[in-house]
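This report describes how some parts of a protein model are arranged. Please look at the structure below before reading on.

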Amino acid sequence: FMNHGHRNDINDVANSIDEFVTDKTEDLLRICHDLTACNSINPPGSTVETAKVIQDFFKKNGIRSELLSLDETKPNLVSTIESQKLGKHLILNGHMDTVSPGNQNDWSIPLFKGTNRNGKMMGLGLGNMKAGTAALALATLWLHLNKQSWVGKVTYTAVADETIFGENGADWLLSKYPNLIGDAVICGEGAGKMNTALAEKGLLWIEIEAIARSGQGMLANVGSSAIAKISQIISQLDQWNKITSVAPKELGYLHGESMEEGLRLSVNIGEIIGGHFISQIATTAKTKVDIRIPPGLTINEISAKLDNLCSSEDNISWRVIKGWNPSWTSQKTKIAKSISRAKNIFLSEATQSVVRLPASDASRWRSLGVPAVCIGPQPELVSGVDDYAWISDIVNSAKIYALSAWIFLNSNQ
């Protein structure tokens, strides 16, 4: 591998990584395939099988790892590589659980099998984000084999419970094991088209409840039913999808697609329930709403708008289920610059810095003051039916992770 007798030139390192990942591409795709074969739909979100796939890969290659869990059905895999020289601590973070596939009849491929088609690897969770988690594992192997060429330490974390923002994954790990906070994070979540996401939207999940007096349905009038009341609120909330923010000064570099979607408030009416019988006035109605907050807006501002909206009707109240503000990392941080340099070496086409639409665990590290950047092979803004990643992007992601880490962990770079 690397020549450890003298200071390594970045181009020599890049060539070493290029050759290594090219040589190990079959192994990389096998990990993707094996991870996809594991059902880790959340809920229930078991990561027992997925963790075993990664643990077996590490063990075969002489890397120690451990499983840490609050819920034994949702283990998190953690592996730390020490260079034996004092330096920064870099976290490589991915998750192992997947979102629900929705209606399986909409899928043209098996859910739990890595299907190769036209340069893509397809399967449930492939884009979000088992391919990224696999690529991070291969990068970790290169760093393990070449630890004389960098200083500090690297910790690989493959976590549970990310897709539902649950308590069993990164949230628990960071509170229980503060040594995993680190100095910077590369998160393998993709932002589409191999773009870099230095920023991501915040989240606000709320429940709104309407109450009305009971009565016979034939006495109903305008707004007398709780369902009618909440329908008025929902109709106005839907209009909020037109709201856009002004990017904070630090994010003035955003342009193109990211300006359109990344700076738009999105409001999804996810659930609605109300009434108890067709001929009775509905006395209660509830709706659960998922609001994604772009940089430039805050939870406090959205909360004030909700207060105004709900006070416009009698007997309407709302409560927070969970939420956090938008977050971002400066372009000027060493981790952002390291990723930018690595991408320029390995990618032939220019990419953008964008706002990531879905939430990621990067926000958990940012909330602790740690710079965190998302980059990965998820090909579109969000994953969906026939989830996939381009094989070339999976391979390039592994190369970018390894080189970005090496640059970050070299004080003379």
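## A three-stranded sheet

An open sheet is built from three strands in the order β4-β5-β16, with antiparallel pairing. Strands (E, at least two residues) and helices (H or I, at least four) are DSSP runs, numbered from the N terminus, and two strands pair if DSSP finds at least two bridges between them. The edge strands, each pairing on one side only, are β4 (115-117) and β16 (388-390). Direction ignored, neighbouring strands of this sheet are turned against each other by 25° on average.

Three bridges join β5 (residues 120-122) to β16 in the antiparallel sense. In this region, Met-122 stands opposite Tyr-388 of β16. Helix α11 (residues 391-408) packs on the sheet and touches β4, β5 and β16; contact means heavy atoms within 4.5 Å. The direction of α11 makes about 70° with that of β16.

## Two crossing helices

Helix α6 (residues 226-239) and helix α8 (residues 299-311) have axes that come within 10 Å and cross at roughly 145°. Axes are lines fitted to C-alpha atoms, for helices over the stretch in contact, and angles run from 0 to 180 degrees between N-to-C directions.

Which residues make the contact? On α6 they are Ile-233, Gln-236 and Leu-237, and on α8 they are Leu-306, Leu-309 and Cys-310. Five of the residues in this contact are nonpolar, one is polar and none is charged. Here Ala, Val, Leu, Ile, Met, Phe, Trp, Tyr, Cys and Pro count as nonpolar, Asp, Glu, Lys and Arg as charged, and the others, Gly among them, as polar.

## About the model

The model is predicted: local features need pLDDT of at least 70, side-chain atom pairs count only at pLDDT 80 or more, and totals for chains, interfaces and linings use all residues. Residues are numbered from 1 along each chain as its sequence is written, and side-chain values use heavy atoms, with hydrogens and water left out.
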